[in-house]
Amino acid sequence: MPGMKLPGNFFLIGMMGAGKTTVGRALAKATDKQFYDSDHEIEARTGVRIPLIFEVEGEAGFRMRETATIAELVQQQELVLATGGGAVLSADNRAALRQHGFVIYLRAGIDDLYLRTAHDKNRPLLQTANPKERIRELFEARDPLYRETADLIIDTSRQSVQQLTQSLLAKLEHLHAHRQA
């Protein structure tokens with residue numbers, strides 16, 4: 001289904017390991033849109049990896065960079081943006097995402113998130129003695145914010161990227177058709 005014409009911007013939110021970058025790339029390709037990942041943009045702009053930003057500037061410094069990057073990216077047209085897992089912590093980010101596009105919450109269970117992120121050293125918030133418990137804490141704090149911000153919630157557990165993308169495209173097509181009617 002490459003090149004499907006679904007107008008507007010699509011913003012993916014959810015926990016680290018939910019599949020935002022992977023699904024975002026597939027969705028962008030299928031809808032013929034430009035793809036961005038806010039974390040990758042921050043790394044490209046600073047020339048350093050996110051763990052180093054956390055080490056030097058702390059989480060607060062990183063979040064300021066994240067908000068500035070998101071504010072800039074959402075101004076573009078016809079893009080798919082995968083946000084960092086903590087992007088919804090900022091009320092400014094939540095408002096910008098809702099105002100400039102269609103927000104999709106990719107939701108996965110704690111066990112799935114842990115399995116997908118357990119060995120990833122590029123996730124500073126999980127560099128703890130008990131990363132699974134940390135994922136649980138983050139999920140419990142962020143899930144209400146993801147739900148508040150999202151126009152659509154998709155469960156990413158137990159699906160291949162292809163199945164997930166096809167399901168997402170079908171839902172988006174359905175919603176678009178109803179908006180046109």
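How many aromatic pairs does the structure hold? This is a predicted model, and the structure holds three aromatic pairs.

Begin by selecting Phe10 and Phe102, whose rings form an edge-to-face pair, with 6.2 Å from centre to centre and 85° between the planes. If you then colour by secondary structure, you will find Phe10 in strand β1 (residues 10-13) and Phe102 in strand β4 (residues 102-107), so this pair ties together parts that are 92 residues apart in sequence.

Next, select Phe54 and Phe62, where the ring centres lie 5.1 Å apart and the planes meet at 35°, so the pair counts as tilted; planes would have to be under 30 degrees apart to count as stacked. Phe54 and Phe62 are each buried.

Now move to the helices, and display α2 (residues 38-46) together with α3 (residues 50-73), which pack at an angle of about 110° with their axes 9 Å apart. The two helices, α2 and α3, are therefore roughly perpendicular to each other, and the crossing of α2 and α3 is right-handed.

Which residues of α2 and α3 meet? On the α2 side, select Ser38, Asp39, Glu41, Ile42, Glu43, Arg45 and Thr46, and on the α3 side Ile50, Ile53, Phe62, Arg65, Glu66, Thr69, Ile70, Glu72 and Leu73. Coloured by residue class, the residues of this contact between α2 and α3 divide into six nonpolar, three polar and seven charged. Phe62, already selected for its ring pair with Phe54, is among the α3 residues that meet α2.

Notes
Residues are numbered from 1 along each chain as its sequence is written. This is a predicted model: local features need pLDDT of at least 70, side-chain atom pairs count only at pLDDT 80 or more; totals for chains, interfaces and linings use all residues. Side-chain values use heavy atoms; hydrogens and water are left out. Rings of Phe, Tyr and Trp (its six-membered ring) pair if their centres lie within 6.5 Å; planes under 30 degrees apart count as stacked, over 60 as edge-to-face and the rest as tilted. Helices (H or I, at least four residues) and strands (E, at least two) are DSSP runs, numbered from the N terminus. Buried means under 20% relative accessible area, exposed over 50%, partly exposed in between (1.4 Å probe, protein chains only). Axes are lines fitted to C-alpha atoms, for helices over the stretch in contact, and angles run from 0 to 180 degrees between N-to-C directions. Angles under 35 degrees count as roughly parallel, over 145 as roughly antiparallel, 65 to 115 as roughly perpendicular and the rest as oblique. A crossing is left-handed if the near helix is turned anticlockwise from the far one by less than a right angle, and right-handed if clockwise. Contact means heavy atoms within 4.5 Å. Ala, Val, Leu, Ile, Met, Phe, Trp, Tyr, Cys and Pro count as nonpolar, Asp, Glu, Lys and Arg as charged, and the others, Gly among them, as polar.
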